[in-house]
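The exercises below concern a ligand site and a helix. Work through each one before reading its solution.

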Amino acid sequence: MIHDAATLPTPLTLRADVCIVGSGAGGAAAAMVAAESGLKVVVLEAGPFLSPDHMTQREDRMLPQLYWDSGARTTADRAVRVHQGRGIGGSTLHNLNLCKRIPEPVLRAWRRDYGLEFLTPARWQALYEEVEALLQVSAVTPERRSRHNLLLAKGAAALGWRHGGLKHNRSGCTESGFCEIGCAFDAKNNAARVMLPRAVRAGATILAQCQAVRVDHRGGKARAVEAVARDARGEVRGAIVVEAPRICLSASATGTAALLLRSDVPAPAGSTGDGLRIHPAVIAAGDFADPVQAWRGIPQTVECTQFLDFESAHGGHDGNQGRDDKAVDRIWIVPAFGHPLGTATMLPGYGPAHAAMMARYPYLAPLAAMLHDLTPGTVRPDGDLGLRMEWWPDAEDRRQLRAGLRACAELLLAAGASRVLVPTADLMTIKNKADLAAIERLELSRGDLDVTAVHPMSTVPMGDDARSNAVNSQGRHHHVQGLWVADGSLFPTSIGVPPQLSIYALGLHVGRALVEAG
Ligand SMILES: Cc1cc2nc3c(=O)[nH]c(=O)nc-3n(C[C@H](O)[C@H](O)[C@H](O)COP(=O)(O)OP(=O)(O)OC[C@H]3O[C@@H](n4cnc5c(N)ncnc54)[C@H](O)[C@@H]3O)c2cc1C
């Protein structure tokens, strides 16, 4: 059953075999496995329960419901936007459905540096096959590519740059283009559609609008999760406690780290909350003579990987000898979403100048350069209900972002854009190849340019050595019995590709370990 916690009588104490905090990619997969094994499972989810009928395709209505801080979550200095989902299904409710496996050089580097004895190559292979079947992952066929995506392919082909199609987890897609504010047509094979219904059918209880505040652990054992019911306005309605001998934190790479730190869960110095990576992205928009209508069709079906070299970045072929090389290309280019509100907030200026820019909205094709980032950031709790993130790229990551921005601009010119807009504080306009050098001179200091991220990860990096990592490669906490982590926190480093597939995989993996732990 799914309940709205704000309507339940409080204070309330529930007992379960397993309590899972968070119902996104990691939590839903773990909940399904645990419930189907016969365990009594309670899932706590801070966000609301929204069905496809609630998805109005209106940004003003959906952003506050589907996103933390109404879609305005940022790093503490406000220099980087970090979009994260809330609701039954977590960020999978409104993500873009891209599915990619972690590249082998990254996994090899993890084995070299972190051991990960429970995640052998064969184990990853089996998990990926299982998740891809569950989510019906398939290539988006070429005839379904929108003009926006075809322009990326055209520009890359003209320059001879490596590019290709992408796989998604959607079926029955009407190509409405509103994926980022929830699918009104229920065409996403996501946590809410695939895994949580199975968990509920197997007897799991899910509490929506119920935010975990602390993990109660004494004598080295996890005992309960202390939570609060919050209404739609965020007002606290009462206390809810779930007593369970097994607790699995799947509140995302920000929420899980904040919970662990707020609960004073022991960890080797700096291993909880200190390794934040986010896949930051910068954007350039091509202005074309004919309408692009970047808000239409399936978003992000074509990628350009010309500047993404995992093999060299992670120690070459001999994983045991190799060293990671920061200077190697780590940029992935894809079309960026083009909803009206998002575009309007990104374009600089105001008044008539901004209005003139928005008049070109139907003709703009924005591209995003996303970085496989190496700079570590931090997550800390902020009071009982909030959290605080710090992340800003170091000099080498800034150089990569500049290179990515330049590549987007070059690609758009090659695709036929009459000009390329780079949304710096004073709008930069690139009209030809000679202008591209201006991008390389960009300072990229805080506030200069819009930097956005949608993939926070790596805040509780897994590793089999209890002296340097808080959890092992089964997501099991080294220092508190009965405590587990199953979400994007677990990645030891940034992965350089969209993470959902791997987080679902880890959810199944941790869920099974948790069941077997008895
Ligand atoms: C706009 C956007 C587009 C994206 N597109 C893609 C894509 O195309 N492909 C891809 O692979 N990835 C994509 N992602 C990223 C992907 O969706 C996430 O990486 C993935 O869902 C993370 O899984 P998770 O389990 O770690 O966290 P989430 O899925 O974020 O789930 C965490 C859940 O925990 C809940 N929670 C947090 N704190 C608490 C608490 N204290 N108590 C109770 N509940 C709590 C949250 O409300 C949330 O529902 C996108 C993300 C965004 C924002």
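A polar contact is a pair of N or O atoms within 3.5 Å. The model used here is predicted.

**Exercise 1.** Find which backbone atoms lie at polar-contact distance from oxygen atoms of the ligand, and state how much of the ligand the protein covers.

Solution.
1. Start with glutamine 500: one of its polar backbone atoms is 2.7 Å from an oxygen atom of the ligand.
2. For glycine 26, a polar backbone atom is found 3.0 Å from a ligand oxygen.
3. At glycine 87, the distance from a backbone N or O atom to an oxygen atom of the ligand is 3.3 Å.
4. On its own the ligand has 990 Å² of accessible area, and the protein covers 96% of this.

**Exercise 2.** Describe the shell around the ligand by element and by residue class.

Solution.
1. The shell holds 38 residues, and the closest are Glu45, Ser91, Leu98, Ala212 and Gln500.
2. Two or more residues come from each of helix H1 (25-36), strand S10 (210-218) and helix H13 (500-516).
3. S10 gives the most, with three residues.
4. Sorted by class, the shell has 19 polar, 15 nonpolar and four charged residues.

**Exercise 3.** Locate asparagine 169 and decide whether it is buried or exposed.

Solution.
1. Asparagine 169 sits in the loop that runs between strand S8 (167-168) and helix H6 (191-201).
2. Its relative accessible area is 0%. The cut-off for buried is under 20%, so asparagine 169 is buried.
3. Beyond four places in sequence, the contacts of asparagine 169 include Leu98, Leu135, Val137, Asn189 and Gln500.
4. The side chain of asparagine 169 also comes within 2.8 Å of the backbone oxygen of asparagine 189.

**Exercise 4.** Show how the buried residues of H6 are arranged, and examine the two ends of the helix.

Solution.
1. List the buried residues in H6: Ala191, Val194, Met195, Leu196 and Ala199.
2. Viewed down the helix axis, the buried residues of H6 fall within an arc of 155 degrees, so they line one face.
3. An α-helix has 3.6 residues a turn, so residues three or four places apart point the same way.
4. The cover over the buried residues of H6 includes H1, helix H4 (121-134), strand S9 (205-208) and H13.
5. At the N-terminal end, asparagine 190 caps H6, with a side-chain oxygen 3.2 Å from the backbone nitrogen of alanine 192.
6. Just after H6, glycine 203 has a positive phi of about 110 degrees.

How values were computed:
Residues are numbered from 1 along each chain as its sequence is written. This is a predicted model: local features need pLDDT of at least 70, side-chain atom pairs count only at pLDDT 80 or more; totals for chains, interfaces and linings use all residues. Side-chain values use heavy atoms; hydrogens and water are left out. A residue is near a molecule or strand if one of its heavy atoms lies within 4 Å of it. A polar contact is a pair of N or O atoms within 3.5 Å; within protein, one must be able to donate a hydrogen and the other to accept it, and residues adjacent in sequence count only if both atoms are side-chain atoms. Accessible areas come from the Shrake-Rupley method with a 1.4 Å probe; for residues, only the protein chains shown count as cover. Helices (H or I, at least four residues) and strands (E, at least two) are DSSP runs, numbered from the N terminus. Ala, Val, Leu, Ile, Met, Phe, Trp, Tyr, Cys and Pro count as nonpolar, Asp, Glu, Lys and Arg as charged, and the others, Gly among them, as polar. Buried means under 20% relative accessible area, exposed over 50%, partly exposed in between (1.4 Å probe, protein chains only). Contact means heavy atoms within 4.5 Å. The arc is that of the directions from the helix axis to the C-beta atoms.
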